[in-house]
Amino acid sequence: MPILVTLIVLSLGVYLFYKIKSVRTKMPMEKKWISGKSSIALGTFVSLFGVNQLFLFHTTTTYIISAVFIFVGVFSIWGGYKMYKFYLPHAIEEAANQKG
C-alpha cells in the first residue's frame, strides 16, 4: 500500500517539524500547544504503522501487535487533541501579552 507508506512518512515528518518547533520556542503555553500537535502527528504515525502491518503480514502475532499499535496511536491522537484544545486559548493569550 504505497498510500499508507506515504502517509506514514508524512506524519513522521510533521511530528519532527512540530517537535523541533516545540523545542525552539521560549513561551511555555505555546510549547505545550505545539507539543499537543506533535502528539497528534506521532499518534497518526503509530496508528498508520499498525494498519500497514496488517496488510503486510497475516499472522496472529501481527494482528495482536498491530492492534496494540493502533490503540496506542489512537489514544495519543485523542490526548494530543485534548492538549491542543486546552492550550490553544492560553497560547493566544500569551502571544497577545507578549506583544504588549
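Author: Leaving aside neighbours within four places in sequence, Ala 41 is in contact with Ser 11, Val 14 and Tyr 15. Contact means heavy atoms within 4.5 Å. Ala 41 lies in helix α2. Helices here are DSSP runs (H or I, at least four residues), numbered from the N terminus.

Reader: What sort of model is this, and how are residues numbered?

Author: This is a predicted model: local features need pLDDT of at least 70, side-chain atom pairs count only at pLDDT 80 or more, and totals for chains, interfaces and linings use all residues. Residues are numbered from 1 along each chain as its sequence is written, and side-chain values use heavy atoms, with hydrogens and water left out.

Reader: Why does Ala 41 count as buried?

Author: Buried means under 20% relative accessible area, exposed means over 50%, and partly exposed is in between (1.4 Å probe, protein chains only). Ala 41 has 6% relative accessibility, so Ala 41 counts as buried.

Reader: What makes His 58 exposed?

Author: His 58 has 59% relative accessibility, so the label is exposed. His 58 sits in the loop between α2 and α3.

Reader: What does the side chain of His 58 make a polar contact with?

Author: The side chain of Tyr 63, at 3.5 Å. A polar contact is a pair of N or O atoms within 3.5 Å; within protein, one must be able to donate a hydrogen and the other to accept it, and residues adjacent in sequence count only if both atoms are side-chain atoms.

Reader: Which residues of α1 are buried, and what covers them?

Author: Leu 4, Ile 8, Ser 11, Tyr 15, Tyr 18 and Ser 22 are the buried ones. Their cover includes α2 (28–56).

Reader: How many aromatic pairs does a search of the whole structure find?

Author: Seven. Rings of Phe, Tyr and Trp (its six-membered ring) pair if their centres lie within 6.5 Å; planes under 30 degrees apart count as stacked, over 60 as edge-to-face and the rest as tilted.

Reader: Why is the pair of Trp 33 and Tyr 84 called stacked?

Author: The ring centres of Trp 33 and Tyr 84 are 5.9 Å apart and the planes are at 25°, so the pair is stacked. Trp 33 lies in helix α2 and Tyr 84 in helix α3, so the pair ties together parts 51 residues apart in sequence. At 17% relative accessibility, Trp 33 counts as buried. Tyr 84 has 23%, so Tyr 84 is partly exposed.

Reader: What makes the pair of Phe 49 and Phe 69 tilted?

Author: The angle between the planes is 35°, and the centres are 5.7 Å apart. This pair links Phe 49 in helix α2 to Phe 69 in helix α3, 20 residues apart. Ring pairs also link Phe 45, Phe 49 and Phe 69 into a cluster.

Reader: How do you know that Glu 94 has no salt bridge?

Author: A salt bridge needs a side-chain nitrogen of Lys or Arg within 4 Å of a carboxyl oxygen of Asp or Glu. For Glu 94, the nearest side chain of opposite charge, Lys 32, is 10.0 Å away. The side chain of Glu 94 does reach the backbone nitrogen of Met 29, at 3.3 Å.

Definitions and conventions. Lys, Arg positive; Asp, Glu negative; His and termini not counted. Helix = DSSP H or I, 4+ residues; strand = E, 2+ residues; numbered from the N terminus.
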